[in-house]
Amino acid sequence: MTARTLRVASWNVHGLRGGVDGIARVIHAEDIDILSIQESGPRRRLRALGGTLGMMVCADPPAFPRRRIQNAILVGGDLTTVVDQGLRRFSEGSFLHPRGMVFADVDERFTVMSVHLGLRRSERGHHIGQLLEQIEGSEGRFVIGADLNAFPGDPGHRILAARAPDCWQAVGQGEGYTFPSHAPSARIDYLFAGPAVQPLRAWTAGGTVSDHLMVVADLRFADAISTVG
């Protein structure tokens, strides 16, 4: 079985308020293959970001009259085939700030997920459980990009990291703080890699174009068909 290395990132882009061009420059400079986005902003801005970068946009579908989840996944490089994509809305959440998970099955090799959890621990607990249901029975070839709104060691983080190791804990250097971007003092943004994915290194990037820093990791994937989704 062959393997390949990809550069995967997760970033809360604060609704793209910092401008499409500024966000695009960071993504391009870091040479990102796949990006999980939280707070993706208006659809037109998200489409413009994908067009500027030449990346495929996998976004939450229209949901009127419900509010959007505003998670997305950008797929670029030579990863030209998204064989499936979709959204799972989490139950037992806020009406004003609904939560869920966008996923994309990429090139029949692996699944990428983008998740943004809420501020209340009880809500996060419910939603972590639903996320674990989504990956149950997978072959382990998946990556979860997440703004957990929780520190390392929070019950939700511990439960998820036991099933899909936290890339920063595996290969990152230093504290890995991601928020707020102008003076980072908290690590609330994460990449989790399934058991069949090997983290090689991890770092943060992005400056202050968003209020969060981006978490980036080089990951080694074994070529095989994922069963998540």
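A: The largest pocket holds about 460 Å³ of space. A pocket here is an open set of points, on a 1 Å grid over the protein atoms alone, with protein on both sides within 12 Å along at least five of seven lines; a cavity is a set where a 1.4 Å probe fits but cannot get out, and lining residues have an atom within 4 Å of a point. Grid points are joined across faces, edges and corners, and the volume is the space filled by probe spheres set on the points. This is a predicted model, with local features needing pLDDT of at least 70 and side-chain atom pairs counting only at pLDDT 80 or more, while totals for chains, interfaces and linings use all residues. Residues are numbered from 1 along each chain as its sequence is written, and side-chain values use heavy atoms, with hydrogens and water left out.

Back to the pocket: 19 residues line it, and Glu39, Leu96, His97, Arg99 and His116 lie nearest its centre. The lining splits into four nonpolar, eight polar and seven charged residues, where Ala, Val, Leu, Ile, Met, Phe, Trp, Tyr, Cys and Pro count as nonpolar, Asp, Glu, Lys and Arg as charged, and the others, Gly among them, as polar.

Now for the packing. The largest nonpolar core has 24 residues, and Val8, Ile73, Leu219 and Phe221 touch the most other members. Such a core is a set of buried Ala, Val, Leu, Ile, Met, Phe, Trp, Tyr and Cys residues joined through side-chain atoms within 4.5 Å; buried means under 20% relative accessible area, exposed over 50%, and partly exposed in between (1.4 Å probe, protein chains only). Strand 11 gives the most to this core, with four residues. Helices (H or I, at least four residues) and strands (E, at least two) are DSSP runs, numbered from the N terminus. Leaving aside neighbours within four places in sequence, Val8 is in contact (heavy atoms within 4.5 Å) with Ile34, Val143, Leu191, Val215, Val216, Ala217, Leu219 and Phe221. Apart from this core lies another, of 22 residues, among them Val13, Leu16, Val26 and Leu49.

Val26 also takes us to helix 1, where Val20, Gly22, Ile23, Ala24, Val26 and Ile27 are buried. Their cover includes strand 1 (3–12), strand 2, helix 2 (43–53) and strand 11 (214–222). After helix 1 comes Asp31, with a positive phi near 60 degrees. Asp31 sits in the loop between helix 1 (20–29) and strand 2 (34–38), and counts as exposed because its relative accessibility is 53%.

Asn149, in the loop between strand 8 (142–147) and helix 4, has a positive phi of about 50 degrees, and isn't a glycine either. There's also a cis peptide bond from Phe179 to Pro180, with omega near -15 degrees; Pro180 is in the loop between helix 5 and strand 9.

Finally, the cysteines: the structure holds zero disulfides (pairs of cysteine sulfur atoms within 2.5 Å). The sulfur of Cys167 is 20 Å from the closest cysteine sulfur, in Cys58, so it is too far for a bond. Cys58 is buried at 0% relative accessible area, and Cys167 is buried at 1%.
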